[in-house]
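Here is a short note to read beside the structure. The points run from the whole chain down to single residues.

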Amino acid sequence: MMKKHWLALLAASSLLLPATAFSQDSAKLLTQAGGSFRIVDEALNSAAGQIEPSAAAGRAQPAPTQAAANQPDEVEMAALYYYAEQKQDGRVAAEAARLRLKFPQFEMPQDLYLQQSARGIDETVLWQLYDKSDFTGIDAEIIRRKSEMPDWEPTADFTEKLARRKQRVLMTEAAKDQNWTDVIQAGGSIDPATETEVDLLWTLIDAYAQTGMKQPLADVYRGILLREGDKRLPDAVLITTLQKAIRDFPAAEVQAVMQKLAVTPAMQAGLQPVAFDLLRRTVADFNANEKQTVPLSDEQLAPLKNAAPPKIEDMALLGWYFLKIKQPAVSAQWFSKALELQADAANAKGLYLSLAAQNLEEEAYKVATTYLQDLSGDPEFLMNALSLRFDKPDMAVIDEKIVASYSTTILQTLNADHAETLAWYAYNSKQYEASSAWFQKAVDWKMAPARVKGLALSYLRLSQKQEFAALQEKYGSAYPNIWDEIRVASPPKGRAAAAVIKPRGIIQANYFRNFQAKRYAACINDLADLRSRGQLSSDAAQIGGWCYLGLGRLAEARAAFADGLSAGGQVQADAAYGTALTLLRGRLTDDAEAIIMAYPLSAERDREIRVEIYFQRARASFDRKQYQKTLDALNARASLVAEPADLSQLRGWAYYHLGNKQVAKQVFQRLNDHLSDAGVRAGLVATSQTDTRR
């Protein structure tokens, strides 16, 4: 029995082992000789002067005309440019001092020393807005200048730097929100082989790693690490990148690159911390790879064993390593050392498994009871650990606290096998009301003849003849052989036992608790356990859809919801709602509309889905320059809910591009009456200028 429980617990704890970053097919992605750099087809190009709705448009900005009024005009600046052209630096300094006195916000223009043919209108205001990353203000200022001088264009230097600044802001903000798809889209024009702003490449690395895009991830790494000659990046950059690579690639791959880069004593010294991290990754890969069975050498492990001061995570790695190579006595020592420094659920599990592997049942059970609170976060593991004593109740009286914990874990995991175990424990100690309740739970979760038998015996001991007769009528034909045994069974002797509490309805299933806490991966693991036991209900499967959706695993979410579409009733309605949301997340607008047409939703949910459908259609149509379709979608949306200011701006620009400037101006004017926004002011400038020319 001990061996059986140890194997079950070892399987249940498999998630504790660090997982390899890539499967076999990804080997040599980092070091392969060839491989083109990935370029996203659609780079972000925004032509200077073109006004489009922006997510940043909601910020209030000072009117560009006010900024211009606080700066010297061309006449005031003429002397400054003349002295600069004549290389009279003293006169330039004096003139600059005069301008600062008259215009306190004056700054030296960027193009002061350019040839006259290369100079345009002073771009100081634009550069000030650039320093603030105020892209809406820049657009408004460009519109203002072009309204005064239609042939004017920003300098190539400003246009180029503005495009890069926009790219940086988009990538940084998307990464902050963990919107990795947007990071990849914004950084699509970056060439990893030539890019000098390495932090942008690191942001791309994180995005590709999070989305599981192996080939472009390897392209970026190679672009940083494998440059040669004068294009080689500084050692500090290479070291940091290698530390990231340890997370994303097998240890052997990273080791090969390190050997290639360690060409100087300074670099060799700098790579020592990386080598130590690489050793950790090597041990973790060994622990996680079932196919890897040849133990590592003592020489390889020596740095981890002898590290001073010792780290808890290193002790844990060694504990799992020795447990895998079937030296549980040694692994128990490492886990015990780690627990002496800090109570930890993972190390408590490791120590328990190490003792169980040595058939030290009492010691293992003591670990489970000592770290009861720490292990409560993994009810599946704790339930299996505590069940050892319930399978052998004659060994000693079980503490009531242990019985309560065991009961709670059973309700959290919906485990019919353990519910039966607890029911027999209660029955054999003559706690018949508790035993009947737990046998009923076990039968509800998963039918089995032993559970029906236990429930029938409990009814007999309680003299509940009516319930017994109903049970026999229900299961008599399914289990014909148990009823004669039930009638002649002797009552239990009533051994000493702790009180067993009947199942409590307030205990939520663990998968649902994880779902509510947004621990979506843990929720999916819990549901997988239920599925493996044949206990996955349709309601639980729908929760799986929401957990997959929370992880952004849209195909799996749709598959989970699809099972509920044929269920009927509320399950079907919830499944249709979840499916529609999943399709909208993937921008499959027409498919989402087809779902709500086929499966009617509540009025509130139907309106929510349609509002999002019309928003996506308006946005997509505008991006494709289909401005009438944009207005049609906005009108349909406005019939359902009030239109927010950002969509009203979209409406204004749609009218503008359709040539209906007067209506566009009215839209922007209404917005301007109650909203201080640079984008709205830019719309007014554009529409007013058109009206003036008429």
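**Notes on the predicted model**

1. Start with the chain as a whole. Take the contacts between residues at least 6 apart in sequence: 63% of them join residues at least 24 apart. This is a predicted model. The chain has 38 helices and zero strands. Of its 694 residues, 45% count as buried.

2. Next, helix α29, residues 520-532. How far apart are its end C-alpha atoms? They are 19 Å apart. Its 13 residues should span 18 Å at 1.5 Å a residue, so the two values agree. Buried in α29 are Tyr520, Cys523, Ile524, Asp526, Leu527 and Leu530. Seen down the helix axis, these buried residues fall within an arc of 160°, so they line one face of α29. The background is simple: an α-helix has 3.6 residues a turn, so residues three or four places apart point the same way.

3. What does that face meet? The buried residues of α29 pack against α22 (400-413), α28 (510-516) and α30 (538-550). Just after α29 comes Gly534, with a positive phi of about 70°.

4. Asn415 is worth a look. Asn415 sits in the loop between α22 and α23 (416-428). Is Asn415 buried or exposed? Its relative accessibility is 3%; buried means under 20%, so Asn415 counts as buried. A polar atom of the Asn415 side chain lies 3.1 Å from the backbone nitrogen of His418. Leaving out residues up to four places away in sequence, Asn415 touches Glu380, Met383, Ile410, Trp445, Arg533 and Gln535.

5. Now a helix pair. The axes of α15 (residues 298-305) and α16 (residues 312-324) come within 10 Å. They cross at roughly 145°. On the α15 side, Leu301, Leu304 and Lys305 make the contact. On the α16 side, Asp314, Leu318, Tyr321 and Phe322 do. Which classes of residue take part in the contact of α15 with α16? Five are nonpolar, two are charged and no polar residue is present.

6. Helix α35 covers residues 627-638. From first C-alpha to last, its 12 residues reach 16 Å, close to the 16 Å expected at 1.5 Å a residue. Tyr627, Thr630, Leu631, Ala633, Leu634 and Arg637 are buried in α35. Seen down the axis of α35, these buried residues fall within an arc of 165°, so they line one face of the helix. They pack against α34 (603-623) and α36 (645-657).

7. Thr630 shows one point of that packing close up. Thr630 lies in α35. Its relative accessible area is 0%, so Thr630 is buried. Apart from residues up to four places away in sequence, Thr630 touches Ala618, Ser621, Phe622, Leu650 and Ala654.

8. Last, Val685, in helix α38 (residues 678-693). With 28% relative accessibility, Val685 counts as partly exposed. Which residues does Val685 contact, leaving aside its neighbours within four places in sequence? They are Ile143 and Arg144. Ala140 also deserves a check: the C-alpha atoms of Val685 and Ala140 are separated by 8.0 Å. Along the chain, these two residues are 545 residues apart.

How values were computed
Residues numbered from 1 in each chain as written. Predicted model: local features only at pLDDT ≥ 70, side-chain atom pairs only at ≥ 80, totals over all residues. Heavy atoms only, no water. Helix = DSSP H or I, 4+ residues; strand = E, 2+ residues; numbered from the N terminus. Expected span 1.5 Å × (residues − 1). Buried < 20%, exposed > 50% of the residue type's maximum accessible area, 1.4 Å probe, protein only. Arc of directions from axis to C-beta. Contact = heavy atoms within 4.5 Å. Axes fitted to C-alpha atoms, helices over the stretch in contact; angles between N-to-C directions. Nonpolar A, V, L, I, M, F, W, Y, C, P; charged D, E, K, R; others polar. Polar contact = N/O pair within 3.5 Å; in protein donor to acceptor, adjacent residues only side chain to side chain.
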